[in-house]
Amino acid sequence: MTVKNLIKIAGSISLALLMPITSVQAEENANAQTAGAQAQQQRDKALRAKFPVQYESWQETSEQAEREDMLASYPAAIILWAGSSFAKEYNSPRGHHFAVADVTHTLRTGVPPAAGEKGLSASCWTCKTPDATRLMKELGVEGFSGKNFTDLGTEINSVVYCTDCHVDGKAELALPRPHAQDAMAKVHLPFDKQDASMQGAQVCGQCHVTYYFQPERSDKVNIPWIFGNNVDDIEKYYDTRRFYEWIHPISKTPILKARHPEFEHWVKSEHAEAGVTCITCHMPEETDDKGNTFTSHKVSKALDHFDSVCQNCHKSEKTIIKSLENSKAAIDAKAREVEGLLVKAHYEAAAAWKAGATWPLMNDAIMAIRHSQWRWDFAMASHGLYAHNPKEGHALLDMSIKQVNYARESLAEILKMFAVTKVDYPDISSKESAQAAVGIKLDKLTEDKQQFIKQEVDKNWSEVTRYGY
């Protein structure tokens, strides 16, 4: 709580009387941080001693520091995500070691809300740190999610770690996140009834899965698998609930947002049918200098281990590389086509609204935009769809093209009805022009974020929140 807030509450209490309180609070925060850091150091030491080669390979995720500004590479996405924080900043993922720092520093998590206002949910910490599950136990799941993201910054002392995937101090796999436990039960794959291979995939699927924040449950993380975990069943769930994440400010479309649905794509893939999981390809067995085998925790690219992993099914490395390159190029081309069509559809809808169109006229076109963008996002939000399940990728984007074309045909009829002969489309040739088109003031957002980092994060949050910055 800030001095300003305390003055509002206390009214007649003088600033001089308030200063000792803030000092005590700061000291308590510092003591709590010190205790948390000490506990983490003790745990690190014990786990490092018990699992030294696994720990060393986990440390190597810090080498995966490169990332791509996805909005600069694909500026049309800014128009599609207009009205949401994703249009502010969206980078490709990097190593697990950066998870806490990246979510702390991104413009998407913003700054603390004004006094009395609700800010971004603490649920944004859920998949970044084992401190999240600790806090859920202490506060309750909804008690945790009901907190603001910035409220719990001083509580975060560790990044993606052993206890996110294992029973503490053991090699035994675990599924500690409540939303993942609930989701696997929904699709009749309870964790404790699975073999080690599926358990490994589920452990990764705690976080490499699509989800949303459940508004009626204090924004707790929920995986929308009531009807199933494919794109149609998830869409059915959202449509049945009449759920949307935001209303698009240009077209008035109630938008759905996908978030890295790797588990959903994998579970319907040829890899899954063959019993090949995330662990098989990205965390293969290696041999230490004593000749003992262990599971690598570097979580690296599958082709880095072609001889030991891929060669069992793919006989030629050159052939599989060429196949992946072709798959990626084809999926990327379709994705760019969808993006261009969706940008036009959003602005054509805006022109129709401006001309006097009503909801009964617009409903079919708006729902087609919603469903088309959902499938585009379900494809593109996934990391490595072209490798994990290219067949699914093409099916998603092919249907997305059909849906957005239907939307545009409907809108063309409406625009003709209102004698609209010209629609102004935005300049999406660059990130800067696209953000300007939707009114994003990046300089101001960056300045506010950096001020918060300097005044609060750098002074009071743990070192893990600054790793890599």
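Predicted model: local features only at pLDDT ≥ 70, side-chain atom pairs only at ≥ 80, totals over all residues.
**Helix 11**

I looked up the burial pattern of helix 11, residues 231-241. Val 231, Ile 234, Glu 235, Tyr 237 and Tyr 238 are buried. Down the helix axis, these buried residues fall within an arc of 155°, so they line one face of helix 11. I then checked what that set packs against. I found strand 1 (212-214) and strand 2 (220-222), along with helix 12 (262-267), helix 16 (359-380) and helix 18 (390-417).

Next I took the two ends. At the start, a side-chain oxygen of Asn 230 comes to within 3.0 Å of the backbone nitrogen of Asp 232. After the helix comes Arg 242, with a positive phi near 55°.

**Salt bridges**

I count 21 salt bridges in the structure. I went through some of them.

Glu 216 pairs with Arg 241, closest N and O atoms 2.5 Å apart. Glu 216 sits in the loop between strand 1 and strand 2, and Arg 241 in helix 11, so the bridge ties together parts 25 residues apart in sequence. Glu 216 is partly exposed at 47%. Arg 241 is partly exposed at 32%.

Arg 67 bridges to Asp 102 at 3.5 Å. Arg 67 is in the loop between helix 3 and helix 4, Asp 102 in helix 6, 35 residues apart. Arg 67 is partly exposed at 36%, whereas Asp 102 is buried at 17%.

Glu 339 meets Arg 336 at 2.7 Å, N to O. Both lie in helix 15, 3 residues apart, which is about one helical turn. Glu 339 is buried at 3%; Arg 336 is partly exposed at 27%.

Last, I noted a salt-bridge network that links Asp 131, Arg 134, Glu 138 and Glu 155.

Methods: Residues numbered from 1 in each chain as written. Heavy atoms only, no water. Buried < 20%, exposed > 50% of the residue type's maximum accessible area, 1.4 Å probe, protein only. Helix = DSSP H or I, 4+ residues; strand = E, 2+ residues; numbered from the N terminus. Arc of directions from axis to C-beta. Contact = heavy atoms within 4.5 Å. Polar contact = N/O pair within 3.5 Å; in protein donor to acceptor, adjacent residues only side chain to side chain. Salt bridge = Lys/Arg side-chain N within 4 Å of Asp/Glu carboxyl O.
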